[in-house]
Each structure stands twice: as structure tokens, then as C-alpha cells.
Amino acid sequence: MIRDYAARSREIIRDEPGVREAVTGATIAFDEKRRKGYAEVDADAWRRWAEGVKNHTLTHLDHYLTEAEARLRANGAQVHWAADAAEAREIVIGLATRRAVASVVKGKSMVTEEIDLNPALEEAGIEVIETDLGEYVLQLLEEPPSHILGPALHKSLRQVQDLFAERLNTAPDGDPDTLARAAREVLRNAFIDADMGITGANFLVAETGTVALIENEGNIRLTTSLPRVHVAVVGIEKLLPRMTDLAGFLQLTARAATGQPIGCFVSLIQGPAAEPGDDGPEEVHVVLVDNGRTDVLAHEHAWEALRCVRCGACLNACPVYRQTGGHAYGHVYSGPIGSVLDPGLLGLHDAMPLPFASSLCGACEDACPVRIPIPELLLEWRREAQDEGLTPWKERAALAGLASVATQPGLYRLAGRIGSRLGARGAARALPMLGEWARDRALPKPSPRTFRQLWREGIE
Amino acid sequence: MKVAFFVTCLADHYFADAAADAVRLLHHLGCEVGFPPDQTCCGQPAYNAGRTREALRMAEHTLDVLAGTDAVVLPSGSCATMVKKFYPRLAGESGNRVSRATALAERTWDLAEFIVRRLGVTRLGDGLAGRRVAVHQGCHALRELRLETEPTTLLEGAGAEVVPWEAQEECCGFGGLFSVKMTAVSAAMADRKLETLPDVDWVVSGDGGCVLHLDGRSRARGDAIEFVHLATALWRGVN
């Protein structure tokens, strides 16, 4: 549950120290690659360009969605509109049922996590197999992803070795290549047997009706080409106007995510096989999902979060995220981007206290390839939370008290003297905020004489 | 040059000696230092909590107190950022006398920023010769004011050896209200700083908030690390 963030993060840090170690190590490595990837190009210019393209697209989203739909249909693909998660699930299950699908292979997709697709498919009696290696590991463990890009990066090699030894009969000390080969054996057969492949999309190009997918493992290429039916579940903010825009975004997204100049595989999908017997699926479906996005778009400030390309760069740069990984946040979108997107998608009330799960250090904004002003958006959500009374009353009272004292210099000086004396005696522990402070830290030591006193006496 | 010294509430009560060292340093560099007596809190705690109305009241008070000053210098990158970056934003959003906030922003400086960028001084003395220090860069100083090199330049300009620190640019986890709302994560962030700290005599920072938090955490862990405010380190460097 999102509302348990503070308690859940404490539990993870205390009870699962391996998570902090694995997440810190992996995200620092990703972040360093991102810095190198940015340094090889004029990243600031690229980022400003990308911000502009996304802003334009979001401003004219109705136009580009209509254009994309028309192009996709002309290409022979089928387009479906889902207002919310339930509609999206119904559409996909309807398609699967109509084609008597028994088994589905999936490419890594955050939006299908967002709409809880896998449990719904399983309930409908359909076998679901995740084919991204990290997602496959998590499916065996029955865990949600911890990171947008590296869903299992909170796991250690040891944990995967143990899991695979038990489930796939690999040697207990199998190296990463051995483990990947074992998963590949299983997944090859799954690809061949599957009736339907389900993916998300990194981008949807309006001009040509092209679903673009970036990956490094090749599993998405197989998911979209081997089964009879391919379903791409696509958030409506994924639009780009033209193929030339895509050329830039493919490179920028890869650099932001992993520092690569471009992903190892880029699949561009425009429709089904032209003739029976040609390569490619018989049917291609694109499910366009709103699920709160138009509400975010209508929000005075939060709409900027819709520029997000789900690269994970903000998570990798975030020292808050690094302590716990994604599970502490309680929602599929975690870390800095989750803390600004979730209040928009779920409603602020249901996303509390995520806007406060940040020290506002600003590392995320520097990393973001589309220049989402994450700290400023966090502050906007905090303002709304304060205005709607969603924060603890003691905190509001304390800040109102501070403002009253700080606008009356005489009172401020008096309060300062009393506060310092209380602090010196350790009595400050009884104050609500300092009590929390003292849970994990020694109390601060007040100066024996305030600066004001020193100034009055004369500073030599 | 005439300088109005804005001590900040944390430095007034917890780093009084460092604030006095900042004044000594400014005197030494030829500044005439004044202390507007009615100054209080810049309002950042309310601003970061999303309490715009309270933040605006405190900003208005500070704008009144600092009216008519020449340069304003603060011994805190974070509070300097509040005045330089967030006052104009607050004023803009409330449609409230933006020009006054912008004018104050333009003449307000963090201590290290003022010495390097305004006074053009990078050499202070040899007082820190033989001393190994690590620098903790406060996030506002680093990412809002872009003071990426100034503290290091000044410390080296006073003879110190600044030892590279893997987590030098990482947030310490203070974050004001964050440190009491998300206290476990905040403490774990401090641990990351402390776990990666190289062998040094001092950890130096230009932000008292970060130091209170890092020092509090390190004492709770039983570490013996000496934290020194940048103003004190630099004044020691002069002598």
C-alpha cells in the first residue's frame, strides 16, 4: 500500500539489507553509464529538443491520436480504446478468447503491470509467461517489478542462482551466462507454443502508425513476430508525431536508460503480415489506454510528467530510491517519476505520502531526458496536499507557528533562546518533530551562545 | 564592500561560531559587515512542505528586513537558494511584488559563491596545509546555484588536500522536513555517505542542515568523524 511508504521503507532497510546493497550498486552503475552516454553528445540540446517535441505532442494529443488510429487501420492493424484498466483488461481478454488463445508470451511492459493484466489473463484460464529475463525471475518469485527498466535489479546473483537451481535445475553456482541459457531454453519453447504476444510500446508514431519497441534481449522481437496475434498495450502519452522524431527519441532514450547509443534491438511494427505465409502475426492490435492520463493532462502542473519515456534515469539518480528499491512505494511507478505521476493517475489522496518521499535533491531533474521538473512537481503536489488537509495536523500547526514566530522578530529571539536551552537539556526529544529525528540520530548540540549574542558582544 | 549578513536560523542557534567565522572572513576580505537585527527564518521549511502562505509571509518579512541592503551573504547554500531562486518563484506565483524579490535575488550570495564569484578570491592562506578534508556538497548549492567547484577551490586555496569522495555529490538525506517524515530512508542516505567516507581529518560542508543530520547520524552510529562548517574551515585557512 502506498500509504505505508514510511513504515515499509523502514522494514526493507532493516530486514532486507541485500535490497539496499543490490539497488544502490545497480543504479549507480546505470547512472554512470547514463552520464557517459550523455557526455558523448550535446545532451542538453537533445533534451531541450525532446522536451519540445513531447510538449507539442501532448498539446495536440487529440490530433495525433486520431492520426495514429487512421494510419494503424490503413496498415491493417486494429485499434481499441480503453478508458480505464478494467476496459483494457476486457479488451485483451476478449481478443484472447475470440482466438482461443491458451498461452501468452509477454515482453516487459509497465502499462500491463499498471492495469493488472497478468492476473486477469490467468483468471480467464490463459497461461502467461514473462519473457524478459528480469520479469521472468520475478514471475517465478511472484513479485512485482522494483524498477522501470531493470525489474529485478533488487535481487542479488545469489538469489537468482538459488531460484534457478530449484526451479530450472541449474548448478547452484551457475554464472550469469549459464542462468540466462537455462531461462532461454524454457522461453524458446514458450515462444513457439504461444498463441498471442503481448507488449507495451516505447513510442507510437502518428505519421506512419508505427509501434516502436526498444530492448536488449531479443525477447520482444520474438514476442511480436512468432505468435499468431500481437497485442500492443499503449498509454496514450506514448505518441510521437513523425518518424524523424522517433530517430532522435530512440537514441536519447537508450542513452538515458543505459548509456547505449541505441538499444540492441529496435522493433518497428506497423501491422500484420501482408499475405498469408508472410512473416509476422496474422493480427496486430493496438490498445490505447487512458487510465487517468487525460486527468493528468488537464492538471495545471502535473501534465509535464506525461513527457516521461520510462527510461528509469530518475530512479537510477535518486538517493531515496536507492535505499529501498521500488517496492516501498507501493505502486508500479516508483522513484521520483512515480512520486509525481502516481498522484495524477490515482488521485492525490490515494498516492499520499509519495510527494513527500523526496529530499528534493534535484538529481532526477538533471538526469531526465525530457527535462521533467520533478522537484517542482513534487512541491506542487505538496501544496495541494496541504491545501486539501492531507498532511498531519501537527505538522501544519508547527509550520503555521513557525511563520507566526518568524514574522515577529522579538518573539523569534525569545523562542530561539528557549529552544536552545530545551535542546541543550535533551528535552527537545519531547517535541513531535525532534522525537522522530532522534529515532535514528543523536540530537543536535546547540551553540553555547547564539550568533546574535556573539554579534552584540562584538566579533573580532 | 558593504555586506548584510543573513545568519540563517540554524547557524544562529547551532553554528554560531561558524557564523562568526564567516563574519571574520568577510572582514578579512575587506568587507564592511552589517547584521540587520530583525532577520528571522527565510521560510524554507514552509516552502518545502508546500505551505505557500506561510512561506510567503516569511519571505515578505525577510524582504522587508533586507530592503536597502547592498550585497547579502548567507553561510548556507540552501537558504541562499531559498532567497535567490525560490523567492522570485513564490512572488511570481502569488503575483506579489516580483521585482522586489528578483532584485534581492540578484544581490544575494552563498558565502563560497560570494568569495569566488563576486570578490574573485581563491587564495586565502596556508592555514589548512597538511589537512585532509572531504567536501559534502549541499544539493541546493550544487544543483540550484551550480557551485560545483567553489568550496573545493577555496579549501585547496587555503592549503587543504581535498580527498575525492565517491558519494561527494549525493544527497545526505537531510531535506528538512524529509528527515523527520521519512526518517529511516533519510538515515540510510546518511549511512551511504558515512560508509563511503575516505580517511580524512574533517568533513567540510557549507550547509548546516546537512551537517546536523550527518553528525547526528554518525554519533548515533558511534563513528568519530569531525564535521566542520565551511566558514570555520576557511577562516582557519586564513590563519
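Helix H2 (17-39) and helix H15 (321-324) of chain A, together with helix H11 (183-195) of chain B, are among the elements that cover the buried residues of H1(A). The model is predicted.

H1 of chain A spans residues 5-15. Its buried residues are A:Tyr5, A:Ser9, A:Arg10, A:Ile12 and A:Ile13. They sit on the same side of H1(A), because they cover an arc of only 165° around the axis. The face turned away from that buried side carries exposed residues: A:Ala7, A:Arg14 and A:Asp15.

Further along chain A comes a backbone detail. The peptide bond from A:Met352 to A:Pro353 is cis. Its omega is near 5°. A:Pro353 lies in a loop, with helix H17 (348-351) and helix H18 (363-367) of chain A on either side of that loop.

Chain B has backbone details of another kind. B:Thr8 is not a glycine, yet its phi is positive, at about 75°. The residue is found in the loop between strand E1 (2-5) and helix H1 (9-14) of chain B. Is B:Thr8 buried or exposed? It counts as buried, because it has 27 C-beta neighbours inside 10 Å, and the cut-off for a buried residue is 20 or more.

B:Arg146 also has a positive phi without being a glycine, here about 55°. Its loop runs between helix H8 (139-144) and helix H9 (150-156) of chain B. B:Arg146 is exposed, because 10 other C-beta atoms lie within 10 Å, and exposed residues have 12 or fewer.

Technical notes. Residues numbered from 1 in each chain as written. Chains lettered and ligands numbered in written order. Predicted model: local features only at pLDDT ≥ 70, side-chain atom pairs only at ≥ 80, totals over all residues. Helix = DSSP H or I, 4+ residues; strand = E, 2+ residues; numbered from the N terminus. Arc of directions from axis to C-beta. Contact = placed C-beta atoms within 7 Å.
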